[in-house]
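Okay, everyone, thanks for coming. Let me put the structure up and walk you through it.

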Amino acid sequence: MQVSIRELKAHLSRYLAQARQGTTLEITSHRRVVARVTGIPESSTPALGEMIARGAAEWDGRKPLGAHIALSRRGESVSRIVLGDRG
């Protein structure tokens with residue numbers, strides 16, 4: 001959800017409540033995104049919550065992307081493909 005700085009300042013508590021519920025806020029200035037605000041999820045692992053609180057880790061509330069991907073060693077290596085494209 002995009003919110004202008006002026007709107008955020010005018011209704012800060014409402015937007016912070018939405019962030020606590022899992023909504024990611026994109027803060028805009030002159031229609032350009034300048035920051036993102038996400039709530040810190042309740043965690044059953046206190047150490048993880050502490051890492052998120054101090055900025056050592058972050059979580060956007062969604063499942064991690066790519067967790068189901070398994071890489072294989074078949075085919076040509078990426079480095080060889082890149083070298084071939086460079087000609």
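So, in what order do the three strands of the open sheet come? Before I answer, keep in mind that this is a predicted model. The order is β1-β2-β3, and the pairing is mixed. That puts β1, residues 2–4, and β3, residues 32–37, at the edges; each has a single partner strand, so one side of each is left without a neighbour in the sheet.

β1 and β2 run in the parallel sense, with three bridges between them.

The largest nonpolar core has six residues: Val3, Leu8, Tyr15, Ala19, Leu25 and Ile27. Both α2 (12–20) and β2 (25–29) put in at least two residues each.

What does Ile27 touch, if we skip its neighbours within four places in sequence? Quite a list: Val3, Ile5, Leu8, Arg32, Val33, Val34, Ala35 and Val37.

Last stop, helix α4, at residues 78–86. How many of its nine residues are buried? The count is zero, so to speak of cover, α4 has hardly any. Just after α4 comes Gly87, with a positive phi of about 65 degrees.

Okay, that's the tour.

Definitions and conventions: Residues are numbered from 1 along each chain as its sequence is written. This is a predicted model: local features need pLDDT of at least 70, side-chain atom pairs count only at pLDDT 80 or more; totals for chains, interfaces and linings use all residues. Side-chain values use heavy atoms; hydrogens and water are left out. A nonpolar core is a set of buried Ala, Val, Leu, Ile, Met, Phe, Trp, Tyr and Cys residues joined through side-chain atoms within 4.5 Å. Buried means under 20% relative accessible area, exposed over 50%, partly exposed in between (1.4 Å probe, protein chains only). Helices (H or I, at least four residues) and strands (E, at least two) are DSSP runs, numbered from the N terminus. Contact means heavy atoms within 4.5 Å. Two strands pair if DSSP finds at least two bridges between them.
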